Amino acid sequence: HMHDQTVTSVGITTQGECDLEKLNQWLGVLLKEKGVDMFRMKGVLAVQGVDDKFVFQGIHMIFTGKPLKPWAEGEERCN
């Protein structure tokens, strides 16, 4: 299976915890402006004030996410 030259990927990794309100705002703008161009997205997030890992995935402008399991004691929280 081959993609044309316009298909690319990007990965974002950052330490710490996400501010849920800011994350929702950013994702809303991203999906509104670029959703039709986004074939697939997925990841694990550390959300401030939440003990569980938050797992998300999306295809184009469809986005779903849910808590998965707690971060292990001593495990570095990253996104």
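Which strand is the place of K42? K42 sits in strand β1, and that strand is a handy way into this predicted model. β1 belongs to an open sheet of three strands, ordered β1-β2-β3 and paired in the antiparallel sense. The structure also holds two salt bridges and zero disulfides. Here's a quick tour, topic by topic.

**The sheet as a whole**

- Three strands make up the open sheet, and their order is β1-β2-β3 with antiparallel pairing.
- The edges are β1 (41–45) and β3 (62–70), each of which pairs on one side only.
- On average, neighbouring strands of this sheet are turned by 15 degrees against each other, if you ignore direction.

**Where β1 meets β2**

- β1 and β2 run antiparallel to each other and pair over five bridges.

**K42, out in the open**

- K42, in strand β1, counts as exposed because its relative accessibility is 63%, and the cut-off for exposed is over 50%.
- K42 and Q57 are 15 residues apart in sequence, yet their C-alpha atoms are 4.1 Å apart in space.
- Leaving aside residues up to four places away in sequence, K42 touches F56 and Q57.

**Where β2 meets β3**

- β2 and β3 also pair in the antiparallel sense, over seven bridges.

- K53 is found in strand β2 (residues 52–59).
- Is K53 buried or exposed? K53 is buried, because its relative accessible area is 13% and buried means under 20%.
- Not counting residues up to four places away in sequence, K53 touches V44, L45, K66, P67, L68, K69, W71 and E75.
- K53 forms a salt bridge with E75, and the closest N and O atoms are 3.0 Å apart.
- This pair links distant parts of the chain: K53 is in strand β2 and E75 is in the segment after β3, 22 residues apart.
- The side chains of K53 and E75 are also joined by a polar contact of 3.0 Å.
- E75 counts as partly exposed, with a relative accessibility of 31%, whereas K53 is buried.
- In general terms, side chains of opposite charge can pair when their charged atoms come close.

**E17 and its partner R77**

- The structure holds two salt bridges, and one of them is between E17 and R77, with the closest N and O atoms 2.9 Å apart.
- This pair, too, links distant parts of the chain: E17 lies in the segment before α1 (20–34), R77 lies in the segment after β3, and 60 residues separate them.
- E17 is partly exposed, with a relative accessible area of 36%.
- R77 counts as partly exposed as well, at 22% relative accessibility.

**The cysteines**

- How many disulfides does the structure hold? It holds zero.
- C18 is in no disulfide, and the nearest cysteine sulfur, that of C78, is 10 Å away.
- C18 counts as buried at 13% relative accessibility, whereas C78 counts as partly exposed at 29%.
- For background, a disulfide is a covalent bond between the sulfur atoms of two cysteines.

Definitions and conventions
Residues numbered from 1 in each chain as written. Predicted model: local features only at pLDDT ≥ 70, side-chain atom pairs only at ≥ 80, totals over all residues. Heavy atoms only, no water. Helix = DSSP H or I, 4+ residues; strand = E, 2+ residues; numbered from the N terminus. Buried < 20%, exposed > 50% of the residue type's maximum accessible area, 1.4 Å probe, protein only. Polar contact = N/O pair within 3.5 Å; in protein donor to acceptor, adjacent residues only side chain to side chain. Contact = heavy atoms within 4.5 Å. Pairing = 2+ DSSP bridges. Axes fitted to C-alpha atoms, helices over the stretch in contact; angles between N-to-C directions. Salt bridge = Lys/Arg side-chain N within 4 Å of Asp/Glu carboxyl O. Disulfide = S-S within 2.5 Å.
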